[in-house]
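Q: Could you take me through this structure one feature at a time, giving the idea behind each term before its case here?

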Amino acid sequence: MGKILVLDHPLIQHKLTFIRNVETGTKEFRELVDEVSTLMAFEITRDLPLREVQINTPVREAKSFVISGKKLGVVPILRAGLGMVEGILKLIPAAKVGHVGFYRDPETLKPVEYYVKLPSDVEEREFIILDPMLATGGSASAAIKALKSRGAKQIKLMCLVAAPEGVSKITVEHPEVDIYLAALDESLNEKGYIVPGLGDAGDRLFGTK
């Protein structure tokens, strides 16, 4: 069974307050999402395996540790997930970046895949799917299915803010996937927005309406 982790570090919670604030402009919003993504990356990489190496410090020979060859992939869900990528890569610059995109079918309201581009060695990587919002969970679930259908075996989901409905959908449809959040909010409203949420993350990141 996958974990659901709400990261309550004071810096994450402090910066999330300004991300939520309607008065925060596009430039600051973008910078804050980047910063919170970096802070969340510390937690999401906590279990990476280490191996011991021998090095020379300026003083003497010493045993130390490096990450044990774990291959990571970062996959933003277009377009809002793009705002979280650089924050992750600051800590894990060697990670490969894939992309997945969906549009909503106007009749069924279900996500329809229109773009998937992943690293060639999918089966060897642990993937972190990025999306600021986990609302109904439809896009995130579709992204996980898209990766699984192409051979991915290790997947984590990282979102800033989630609604219980979205978390429930992921845990039911993909019970093995760990979910990392900065906040678990109250609910969805009648328009499908997270309450209290932070509005439309894509519009606020890119200055669109």
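Reading exposure and charge pairs

A: K27 counts as exposed because its relative accessibility is 59%, where exposed means over 50% relative accessible area, buried under 20% and partly exposed in between (1.4 Å probe, protein chains only). This is a predicted model, in which local features need pLDDT of at least 70 and side-chain atom pairs count only at pLDDT 80 or more, while totals for chains, interfaces and linings use all residues. Residues are numbered from 1 along each chain as its sequence is written, and side-chain values use heavy atoms, with hydrogens and water left out.

Q: With which residue does K27 form a salt bridge?
A: Side chains of opposite charge can pair when their charged atoms come close. The term salt bridge is used for a side-chain nitrogen of Lys or Arg within 4 Å of a carboxyl oxygen of Asp or Glu. K27 has E31 as its partner, with 2.7 Å between the closest N and O atoms. The two residues are 4 residues apart in helix 2, so about one helical turn separates them; helices (H or I, at least four residues) and strands (E, at least two) are DSSP runs, numbered from the N terminus. E31 is partly exposed, its relative accessible area being 36%.

Q: Which parts of the chain does the pair of E113 and R150 tie together?
A: The side chains of E113 and R150 meet in a salt bridge, at 2.9 Å from N to O. E113 lies in strand 7 (residues 111–117) and R150 in the loop between helix 4 (138–149) and strand 10 (154–162), so the pair ties together parts that are 37 residues apart in sequence. E113 is partly exposed at 39% relative accessibility, and R150 is likewise partly exposed, with a relative accessible area of 37%.

Q: How many salt bridges does a search of the whole structure find?
A: The search finds 16 salt bridges.

Q: What lies around K3, which forms a salt bridge with D47?
A: In the bridge between K3 and D47, the closest N and O atoms are 3.5 Å apart. This pair links distant parts of the chain, 44 residues apart, with D47 in the loop between helix 2 (26–44) and strand 2 (50–56) and K3 in the segment before strand 1 (4–6). D47 is exposed, at 54% relative accessibility, whereas K3 is partly exposed, at 33%.

Q: What does the side chain of D178 reach?
A: The side chain of D178, a residue of strand 11 (residues 178–184), reaches the backbone nitrogen of K3 at 2.7 Å.

Q: Where is R46 placed, and with which side chain does the side chain of R46 make a polar contact?
A: A polar contact is a pair of N or O atoms within 3.5 Å; within protein, one must be able to donate a hydrogen and the other to accept it, and residues adjacent in sequence count only if both atoms are side-chain atoms. R46 sits in the loop between helix 2 and strand 2, and its side chain makes such a contact with the side chain of E43 at 2.9 Å. R46 is exposed, with a relative accessible area of 58%.

Q: Is L130 buried or exposed?
A: L130, found in strand 8 (residues 125–130), counts as buried because its relative accessibility is 0%. Its C-alpha atom is separated by 8.8 Å from that of K156, 26 residues apart along the chain. G138 in helix 4 is also buried, with a relative accessible area of 14%.

Q: Which residues form a nonpolar patch on the surface?
A: Patches are made of residues with over 30% relative accessible area and no salt bridge, like charges being joined within 9 Å and nonpolar side chains (Val, Leu, Ile, Met, Phe, Trp, Tyr) within 5 Å. L50, F65 and I67 form the nonpolar patch, which has about 320 Å² of accessible area together, by the Shrake-Rupley method with a 1.4 Å probe and with only the protein chains shown counting as cover. F65 lies in strand 3 (residues 61–67) and is exposed, at 52% relative accessibility.
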